[in-house]
Each structure stands twice: as C-alpha cells, then as structure tokens.
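Biologist: I should like to go through this model with you, term by term. Please set each value against its definition.

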Amino acid sequence: MTKKLLQGFKVTDRLLGLIVPLLVLIIWQVTVSRHVFSELILVPPLTIPDTFMYLFRSGDLISHIFVSLNRVFLGFLVGASAGFVLGFGMGFSPVMSRTIKPLVKALQQVPEFAWMPLIILLFGIDELPKIIFIAIGAFYPMLFNTYQGVSSVPTSYHELAKVFDYNSHRYFLKVLIPSALPSIITGIRHSLGMAWIFVVGAELFGTDNGIGYIMIQGRQLFQIDVVMAALIVIGILGFTLNYVLQIIEQFLLRGRVSFDGGPA
Amino acid sequence: MKRVIVLLMIGLQLVIASVAQAEEKPKVIRILFASTQFATQHAYNATQNYIVNNSLLQKEFEKDGIKVDISYIKAAGPGINEALAAGLGDFAPYGDFPRIVSKAAGLKTLHILGNEKGTNIYILALPKLHLKSFKELKGKKIALWRGTANETAFLKMLQTNGLTEKDVIIRNMGGNDGLAALSAGFIDALVSSADRPLVDQGLAVLLADNRDLRTYPLDDHFTSDLSVMEDFARKYPDITKRVVKVFIKADYWASQEKNREEVLQTLVQAGYKYKYQKEDYQNANLKQIFNPLLDQASYKHFQGLIDYCYNRKLIRNKFDVNKWFDKSFSEAALKELGLENYWTQK
C-alpha cells in the first residue's frame, strides 16, 4: 500500500525536483559569504524567513496577495474567455481562421509590455488597465490551444458522426468538445499561468497594493530582503497554481485514451 | 649591537608606515547627485550646481592627481541608495528620508554636512475639481513619489491638516510619470517641487504648499545633506574634509543675500523656472536655508524623523543620530575657511 502511495506521489521525481533549488540556495549563500555583492543588494538567504515573518505579522502580505489573486482571476476570465471564443471560431471555421489568423499572429509578435503605455493612455491607471494587461497575457495561450484542439478533431470522427447522423447539437457535445477538451484544459492552465506572471508587471506602476507593489515599495524603502521575499512568494504561488491546475487537468482527463489507443 | 639593529628596524618600520600613509589617496572621488526631472545632467539644487558649474571639486583635487567623477541619478534618493550600496559612489548629497531609510537598512554612511534646509513641497490639482484647500484632498487620488524626501514631507502635511494616509488614495508615481498622469486626468493631485510644472499650460493649479511653515526647526520640510561612505571617510579623512570644505564654500556663496539672483540663475540653468524659484525663496532667509551646520536643530530634526518613520513602519530599525552624525570634518573645514562663527548654531 505504501509502495503504491509513494508511486502515486512519484516521490523520486519530487526529490529530484528539490536538488536544483537547494543548489541555488547554496550558491546564493556562498556568493553572499564571499561578498561578491553587497549584502544590502544580495541579501543573505537566511534572512528571508525573518522577512516573511515580518510581512505576515504586519498583515500586509496576505492582503496584497489577495489583491493580486483577485486581479489574476478577473484578467484571466476576460482574456481566456476572449481567447476561447476566438480560438473556437477559428478552429471551427476555416474561413474565419484564414481571415483572422494573420492579424493575430502579427499582434502576437508585439511584446505584451509594449502595450502598457497605450493601455494607460486609453484607460488610465486604476484597476481597468491592470485587468486589460493581464487579460492580454491570458488571451494568447487560450486562443491557440483552443484553436489547436478544435481544428485537430480527426476526420474519422466527422465521418463517424455523419454515419450516426448526428445533428449539430449532438456533434458539438459528443464529438467536438470531448475531442478538443484536452487542448482547451491545457490552454486554461497556461492562460492562468500567464495571468499570474502578468499581474506582477501590471502592479509595477501607479498602484498601492498587490504583490508587485510590495516589490516596488521594498526597493524604494531600500528593503531588498522584502523584494527577494516577494519574488519567492510570486514563484511559490505561481508554482502552486500551476500544480493545482495540473492535478485538476489529470483528474478531468483521467481514463481518456489518445487516438492511437494509448493513454491520453 | 643588537640594540642598534632593533632600533634601526623600528625606525625603518616607522618610515615605511608614514610613507604608506602619506601616499594613501584615492585615484578617484565619486560624487552622486540626484538629477532634476527637467535635465538629467544637472543636480537638483543650487549649491550642487554651483559646485559643478565652477568645477570646484576638480580644482580642489587636481594638484593631487585625483579624478573627480560626478554622476547624476535620475531615480533620486532610492536610486542613490542603490548606487551607494553597489559601491558606485563615495559621497552623495540628497534628501533626509531616503538617507534615513538606507542607514536604517544597514548602509554604512556618515552624515557629515548639511546642504539645504527647509525645502518646500507643492500640491498641484486638476483645475476642473475646483478644490479650495488641502483638506479637500480627502478621498482624492494623489501621485506621490514614494521613497523620496517628498514622502515624509507630504505625510506630515497630511497630519498638519488633520488627515491621514488612509484619507487619501496615493498612487506611487514620480517625476514625469506623475505629470503625465495629472495632465491626462488619471489622478486628482500631485506632490511636486517648487517649479509647478503644468500650471502655466493650465493643466494644473497650485492647491497648497508648506511655504508658510518654513520655520526653524524644520519639522514640516525636508532637508538635503551630505553623506559619505563610512569606509571612505575612515580611510581618507583628509580627503573627506576637503570635499566638505568645497560644499561649505558653496553653501557660503548661496547664503549671502547679495548672491540671491545668482542662486536663482543657477537653478534656471538647471532647467527650473525663474518666476517659481524666485517665489519659492521669496521670504526665505538664505543663511538659514543654506546652512551646513550639524547643530541641535539638525539633530532634533533627524531624530524626530527617525522616530516618525519607525512608528509608520517606513523603517524597521531605529538608530542613534549621534553615532551617524560626524561633525569632525565640518568643524575642521569651517575652521580652515574661517567660517566657524558665520552660521548661527540653533
């Protein structure tokens, strides 16, 4: 039973995954000990737990995290919805795909941060521009994964649906959606991940709350340990978000087999 | 014979030590100035620009073969803190709040001289709001460059007017970002310097300032003072004193009433507007403003500011002003210049 549990948790993989972070910590501490950089710029890693306690006790960290998470989910909802609708349309309609795809591909070449000045000019510096910026980040992964899923439904499935004389409604529910679901769910995971990355960028300017703001404030108050602690929080939360979504993805897609008969 | 050899050895060691000490000079002295928002290659105050325009530091050290390297930091106090921590500067005159912040965080500096005391802040507001007083800022969005000396001066202004930080919505924006946000109407007000940008274009109005609070001691204003990296000062005390001497000469020039017009023109050259600077200094006692003394009033100002910042969690550690201030350089320099009694100790 224990063996099965350990296999289930893939203990070896988890332990292997800890090696690089540990190495990074060791290199960090050695760099600090040898005074390669000033301790005020590259703070000792052993001071970070105290900084976490300070931020937790002040109540600031939790409230700022909730503010950021709120923005992430709002931005994700907007961006992923738009990406899903457009991706679905492009995947389903070759004409729509040929019409819109070139523009989408061209816009994708513009770095997302380059949109920030225009967004601020058009929408100001309150919540709306931040949500829009995050939505832009969430948009593309959802768009392309949905497009990929919908446009990749095997031809044999179409033919089978014709044989069974499926109407549009049944075709969507019984063939298209189940076939495209793995890609769509992957798109959701990537989209939410990008939304988390973008929220930090959105909070670097003209705000007084959020995890990105903590980094800015830490820098301005010359509390670089706060900047490092915020960076670590961002990494851990992003990792956790992605991990939880992966588990949900595996659960939703459990028991599925791929077209070649193997597991999905 | 043995005795002679021992004495010779001791004598030789003393000679070597004194030669080593005499030769110990830096190759370069690095000064960091905070630049204005109008011109990145100008410092933000009159005395600093006077020093640069007349190459006073270069002239002081050229006979020693020491190069003087002047850098302008656009990111103001926070940027200077980072540059000092990264070992990119030896001296920096800048605002009281960022200097306290870095000292509290562990940056090993010494506060060795005053530079300009009692700097005002100005609150610019959107004309369409028709605000009549500072108190009407309650609930409004205000751009404030956090981490700079403007922050504590503004927070004190809130306090003086019966408001707290929670009564207003602060947007952390500085310099040109704040101006752009105000002109676009994204914020309601901006904490600014004397120059009041946008007012002439009709995009902002002057709502309030703390000029009438230009009192001594300096509780409601901010000061600009000279810091030196502690290691540099301990290693090169004579050089440090000579740098202090140059800054005192600049303060002496600016403090004289006969030079008032020249002080204003120096600021104009740095990109400031003449009419606003003239108004800013209109009722100012120049000798009181450009006062380098580390007197009781300075001690009280800084100790009060440290307590203020600690209570508002702007710093996490307190420190003793008496251990931070080092008057030895300024006292020696004032004596050399014959200015020991020029400024009044308060």
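Biologist: What percentage of the 346 residues in chain B do buried residues make up?

Modeller: Buried residues make up 49% of them. A residue is called buried if 20 or more other C-beta atoms, placed from the backbone, lie within 10 Å of its own, exposed if 12 or fewer, and partly exposed in between. The model is a predicted one, in which local features need pLDDT of at least 70 and side-chain atom pairs count only at pLDDT 80 or more, while totals for chains, interfaces and linings use all residues. Residues are numbered from 1 along each chain as its sequence is written, and chains are lettered from A and ligands numbered from 1 in the order in which they are written.

Biologist: Why is Phe239(A) called exposed?

Modeller: Phe239(A) has 12 C-beta neighbours inside 10 Å, and therefore counts as exposed. Phe239(A) belongs to helix α11 of chain A, residues 224-252; helices are DSSP runs of H or I with at least four residues, strands are runs of E with at least two, and both are numbered from the N terminus.

Biologist: Which residues of α11(A) are buried, and against what do they pack?

Modeller: Ile224(A), Asp225(A), Val226(A), Val227(A), Met228(A), Ala229(A), Ala230(A) and Ile234(A) are buried. The buried residues of this helix pack against α3 (48-58), α9 (168-202) and α10 (211-220) of chain A.

Biologist: What makes the span of α11(A) agree with its 29 residues?

Modeller: The expected span is 1.5 Å times one less than the number of residues. For α11(A) this gives 42 Å, and the end C-alpha atoms are 42 Å apart, so the two agree.

Biologist: Why does the radius of gyration of chain B agree with that of a compact globule?

Modeller: The globule rule is 2.2 Å times the number of residues to the power 0.38, with the radius taken over C-alpha atoms. For 346 residues the rule gives a value near 20 Å and chain B has 22 Å, so the values agree. Along its principal axes, the C-alpha trace of chain B spans about 95 × 45 × 35 Å.

Definitions and conventions
Two residues are in contact if their C-beta atoms, placed from the backbone, lie within 7 Å.
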